[in-house]
Amino acid sequence: MPTTFEDQGETEFAGRASMQVFEGFYATVRVEDIAGGRRVVKAFHRPGTAAREAVALAALGRMTPPGIAVPELISLRREGDREVMVQTYVPGVPLAEATPEPSSAAAHALAEQVVDVVTHWHAQEGPAFEDLRGGTHPSFLASYSADVRDLGSWLEGADHIDPGLRERIRVTARAVPDLLRPLADDSPVFIHDDCHAGNFLVDPEAFVLTGVIDPGAARYSHREVDLFHLADAAEGLRLWERAVARRPLARGASARRGLFRIWDDVKHARATGWWDDEWFLRRLGAFERP
């Protein structure tokens with residue numbers, strides 16, 4: 001797997017012929033026609049993201065069941081001051097944009113395919129729990145606490161955020177030991193880390209799963225860190241409920257889901273510069289509500 005960046009000079013990213021160019025949370029993405037097919041080119045908004053995603057993509061490819069495509073890395077390079085990752089093209093449209101009628105047999109079958117893939121990931125155990133910076137820990141509590149401390153340190157110095165809101169977010173960290181205690185005996189398993197419906201690709205005519213894209217910080221952690229994303233889009237498919245029905249969660253799952261959502265959004269804010277006071281107030285309200 002390429003681990004160094006080729007310098008492409010001051011190439012104008014959006015000026016090339018392409019099928020589509022759009023802005024993502026972490027990168028500007030274009031799909032290009034090339035000899036013999038297509039490729040996806042992602043120019044990341046912030047340095048350090050491309051190499052991490054390349055590692056996560058390789059892990060996702062190893063851990064995903066046969067028959068479900070995962071993009072393969074072609075190269076890492078620089079275009080001006082932007083880090084760029086070139087990868088193979090996976091056909092399909094995001095599940096969130098191609099959902100069949102929720103009550104149909106096609107919707108049921110498609111939703112079960114998604115849960116099959118997630119279940120496959122979570123059946124693969126690792127040697128230790130990994131935090132977002134790559135550190136290893138003997139327990140989920142230790143790894144998640146490390147992430148929350150790291151994100152909390154960033155939050156403390158984020159002067160563009162209202163101090164009262166920052167403090168309300170940081171206070172939620174006090175609940176971590178109690179909320180994670182029911183998970184103390186669980187093993188580390190492989191997670192995608194951003195497995196919402198938009199990152200599953202489907203054939204929009206046959207309504208079958210074709211691929212999985214855009215791993216966040218794919219690693220070994222706790223399956224609940226993955227599962228809460230399933231409720232974020234394509235609500236009619238009830239992906240969260242289907243996954244939980246297959247393997248029920250330990251007590252306190254609803255509160256943990258609220259906690260994970262808050263700190264996952266803090267992670268995105270640190271990585272991208274995004275912030276939305278109202279968004280976080282809603283998240284906090286849902287978590288703090290008895």
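Biologist: Which residues of H2 meet which residues of H7?

Modeller: On the H2 side they are His 108, Ala 111, Glu 112, Val 114, Val 115, Asp 116 and Thr 119, and they meet Leu 239, Arg 242, Ala 243 and Arg 246 in H7, where contact means heavy atoms within 4.5 Å. By class, five of the residues in this contact are nonpolar, two are polar and four are charged (Ala, Val, Leu, Ile, Met, Phe, Trp, Tyr, Cys and Pro count as nonpolar, Asp, Glu, Lys and Arg as charged, and the others, Gly among them, as polar).

Biologist: What sort of model is this, and how are its residues numbered?

Modeller: It is a predicted model, in which local features need pLDDT of at least 70 and side-chain atom pairs count only at pLDDT 80 or more, while totals for chains, interfaces and linings use all residues. Residues are numbered from 1 along each chain as its sequence is written, and side-chain values use heavy atoms, with hydrogens and water left out.

Biologist: Back to the helices: at what angle do H2 and H7 cross?

Modeller: Helix H2 (residues 105-122) and helix H7 (residues 239-246) cross at roughly 55°, and their axes come within 10 Å (axes are lines fitted to C-alpha atoms, for helices over the stretch in contact, and angles run from 0 to 180 degrees between N-to-C directions). H2 and H7 are therefore oblique to each other (under 35 degrees is roughly parallel, over 145 roughly antiparallel, 65 to 115 roughly perpendicular, and the rest oblique).

Biologist: And how do H8 and H9 pack?

Modeller: Helix H8 (residues 253-272) packs with helix H9 (residues 277-288) at an angle of about 160°, with the axes 9 Å apart, and the two are therefore roughly antiparallel. In H8 the contact is made by Ala 255, Gly 258, Leu 259, Arg 261, Ile 262, Asp 265 and Val 266, and in H9 by Trp 279, Phe 280, Arg 283, Leu 284 and Phe 287. Eight of these residues are nonpolar, one is polar and three are charged.

Biologist: New topic: what is the phi of Ala 234, and where is this residue found?

Modeller: Ala 234 has a positive phi of about 50° although it is not a glycine, and it is found in the loop between helix H6 (224-227) and H7. Most residues other than glycine have a negative phi.

Biologist: Is Ala 234 buried or exposed?

Modeller: Ala 234 is buried, because its relative accessible area is 16% (buried means under 20%, exposed over 50%, and partly exposed in between, with a 1.4 Å probe and protein chains only). Asp 214, whose phi is also positive, near 50°, counts as partly exposed at 25% relative accessibility.

Definitions and conventions:
Helix = DSSP H or I, 4+ residues; strand = E, 2+ residues; numbered from the N terminus.
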